[in-house]
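I opened my notebook to look around a protein model, one stop at a time. Here is what I wrote down along the way.

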Amino acid sequence: MQTDRPIEKATIEPSVSEETAWALVVDDNAIDRRTAGKFVERATALEVRTVCDGEEAVKALRQGTPSIVLTDLQMPKMGGLELVEEIAANYPTVPVILMTSQGSEEIAIEALRRGAASYVPKRSIESLMEILPQVLARAKIDRRRQELNQFLEHLEYDFALDNDPTLVQILVAQLQDHLFAMKICGQNDKTRVGVALEEALLNGLYHGNLEVSSELKENGDNAFNQVAEQRRYESPYRDRRLYVQVRLNKTEAFFNIRDEGPGFDPCKLPDPTDPENLLKASGRGILLIRTFMDEVTHSANGNQITMVKRRRAS
């Protein structure tokens, strides 16, 4: 049964039995709400609850957690893009399916980048019959994987990465999940450590292996990115690897990153306590690393960085 009202009791979690599990449909068009709701009921065993805009959806989420959210993009008060951001930040285990219409394509692409799990064109709404089971199954596996991570006691990784910056983002996201699950970091520190790790990895990739000078960034990123992309396919840069060692336990996280570049003099690194360094484009990564990690050391030749993050006392 579908209901056009916010949830009144906070008793539903996404991993509970299908008798109480539910889906939230968000659309300011009543006909589209009902149509989407009917397909949800046909494709799943979920109860369907509906609201008319993003603000009402946020109120519903605060009172109970659905198994999945289907949302329109262009709505009054709060649109689908803002709703996706809210869910990604505060309900990361809840998948979102976008219901797109003509004229909302660019917003849909941005929403997918910011955390939506999939989309369905309204003119092909019947494809929910295939999309919904797929997304729900994937979300269930992700939730179970997060539950499994909570039992981790010790974890070791050793990577030899090529110079592809997209691999860095994937690796950092995976490490953040482990840090949070093992309670080395809370949500805020998880983000900060992720920033530090990404900066360290990209420093090794760009400045170490590819030998791209940070001075190229003083006038914007275009020249820097062009040189980096070109060198990824040129010898000797293309043959270099970025070596990453990770050791995690319940009390601390250890990271060692080594590139195969010529190195640098660590004594010339910027002082993170000097406010003037905040105004410079170069040296930003090192400043963030030293600020967000508990221990940071460099090898004598500068092509290896070791970082430690300790679990804070409760």
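This is a predicted model: local features need pLDDT of at least 70, side-chain atom pairs count only at pLDDT 80 or more; totals for chains, interfaces and linings use all residues.

**Entry 1: the buried side of H2.** Which residues of H2 are buried? I listed Gly54, Glu56, Ala57, Val58, Ala60 and Leu61, in a helix that spans residues 54–63. I recalled that an α-helix has 3.6 residues a turn, so residues three or four places apart point the same way. Next I looked up what these buried residues pack against: strands S2 (22–26), S3 (47–51) and S4 (68–72), together with helix H3 (80–90).

**Entry 2: H2 beside H3.** I then checked how the two helices lie. Their axes are 9 Å apart and the packing angle is about 20°. Angles under 35 degrees count as roughly parallel, and H2 and H3 are therefore roughly parallel to each other. I noted the crossing as right-handed. On the H2 side the meeting residues are Gly54, Ala57, Val58 and Leu61, and on the H3 side they are Leu83, Glu86 and Ile87.

**Entry 3: H6 and H7.** What angle do the axes of H6 and H7 make where they cross? I found roughly 150°, with the axes coming within 9 Å. Because the cut-off for roughly antiparallel is over 145 degrees, H6 and H7 are roughly antiparallel to each other. This crossing is right-handed.

**Entry 4: two loop residues with positive phi.** I stopped at lysine 183, in the loop between H6 and H7. Its phi is near 60°, a positive value in a residue other than glycine. Lysine 183 counts as exposed because its relative accessibility is 56%. Glutamate 211 sits in the loop between H7 and H8. Glutamate 211 is not a glycine either, yet its phi is positive, at about 55°. With 31% relative accessibility, glutamate 211 counts as partly exposed.

Entry 5: Where does proline 236 lie? I found proline 236 in the loop between helix H8 (222–231) and strand S8 (242–249).

Entry 6: Is arginine 33 buried or exposed? I put it down as buried, because its relative accessibility is 9% and the cut-off is under 20%. Arginine 33 belongs to helix H1, which covers residues 30–43. Its side chain reaches the backbone oxygen of aspartate 27 at 2.6 Å.

Entry 7: Methionine 129 is part of helix H5 (residues 128–149), and it counts as partly exposed at 33% relative accessibility. Between methionine 129 and arginine 42 I counted 87 residues in sequence, but 7.4 Å from C-alpha to C-alpha. Setting aside neighbours within four places in sequence, methionine 129 is in contact with Phe39, Arg42 and Ala43.

**Entry 8: stepping back.** Last, I looked up the whole protein. It has 9 helices and 11 strands, and 44% of its 314 residues count as buried. Of the contacts between residues at least 6 apart in sequence, 67% join residues at least 24 apart. The protein exposes about 16,900 Å², with 48% of that from carbon and sulfur atoms.

Methods: Residues are numbered from 1 along each chain as its sequence is written. Side-chain values use heavy atoms; hydrogens and water are left out. Buried means under 20% relative accessible area, exposed over 50%, partly exposed in between (1.4 Å probe, protein chains only). Helices (H or I, at least four residues) and strands (E, at least two) are DSSP runs, numbered from the N terminus. Contact means heavy atoms within 4.5 Å. Accessible areas come from the Shrake-Rupley method with a 1.4 Å probe; for residues, only the protein chains shown count as cover. Axes are lines fitted to C-alpha atoms, for helices over the stretch in contact, and angles run from 0 to 180 degrees between N-to-C directions. Angles under 35 degrees count as roughly parallel, over 145 as roughly antiparallel, 65 to 115 as roughly perpendicular and the rest as oblique. A crossing is left-handed if the near helix is turned anticlockwise from the far one by less than a right angle, and right-handed if clockwise. A polar contact is a pair of N or O atoms within 3.5 Å; within protein, one must be able to donate a hydrogen and the other to accept it, and residues adjacent in sequence count only if both atoms are side-chain atoms.
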